[in-house]
Amino acid sequence: MRQLRLGKDAMDRDWAEPGLDLGVVAAHAGYSRYHFIRAFKEAYGETPGQYLTHRRIERAEEMLRSADLSVTEICHLVGFSSLGTFSARFKARTGLTPSEYRSEHVGRGAALIPGCYAMLWAGGFPSATLKKRAAARPAYGEEEEQGDTSIPNSSDRRAGP
């Protein structure tokens, strides 16, 4: 269990990194990729990809409630490289699209944090980051289908149709 927690801690710490992949997380735990998936699911009830997606959606909910950023900016800040995938996963988890979620939850507390401050807090403006991500592969956990219990690794993503 201690080893699994190391992998889970890596996901909790680096959730916004689009380069975070199954091989890296499994290495933190000292497991092979496939053994890590099986052990993680047995211990936590969901695959590492599902867990990471849930963490990212939780962070997106927080940003939608508190920061004056576009849905696209939030999508990239939480580690998704595809707005469509982000919106679909967000709606599957919350029952609302990101825009609907914001409309329903904003205005119930303090004013939104200006986007420029939120971007600086999150690690900078997306100009350089988005250029790197444009050529990057999809973020970890994005390709996972609803019924799929595994997470594709980087070599799986590069395989063509």
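I started with burial: buried residues (under 20% relative accessible area, with a 1.4 Å probe and protein chains only) make up 39% of the 161 residues in the chain. This is a predicted model, where local features need pLDDT of at least 70, side-chain atom pairs count only at pLDDT 80 or more, and totals for chains, interfaces and linings use all residues. I number residues from 1 along each chain as its sequence is written, and side-chain values use heavy atoms, with hydrogens and water left out.

Next I looked up the elements, taken as DSSP runs (helices are H or I, at least four residues; strands are E, at least two) and numbered from the N terminus. I found 10 helices and 2 strands, and from the N terminus on they run α-α-α-α-β-α-α-α-β-α-α-α.

Of its 30 residues, Met11, Phe36, Ile74, Val78, Phe86 and Phe90 touch the most other members. I noted that α1 (2-13), α2 (22-29), α3 (33-44), α4 (48-66), α5 (71-77) and α6 (83-94) each supply at least two of its residues. With 6 residues, α4 gives the most.

What does isoleucine 74 contact, leaving aside neighbours within four places in sequence? With contact meaning heavy atoms within 4.5 Å, I listed Ala60, Met63, Leu64, Leu69, Phe86 and Arg102.

Last, I checked α1 against α4. Their axes (lines fitted to C-alpha atoms, for helices over the stretch in contact) come within 10 Å and cross at roughly 30 degrees. Lys8, Met11 and Asp12 of α1 meet Pro48, Tyr51, Leu52 and Arg55 of α4 there.

Technical notes:
Core = buried A, V, L, I, M, F, W, Y, C linked by side-chain atoms within 4.5 Å. Buried < 20%, exposed > 50% of the residue type's maximum accessible area, 1.4 Å probe, protein only. Axes fitted to C-alpha atoms, helices over the stretch in contact; angles between N-to-C directions.
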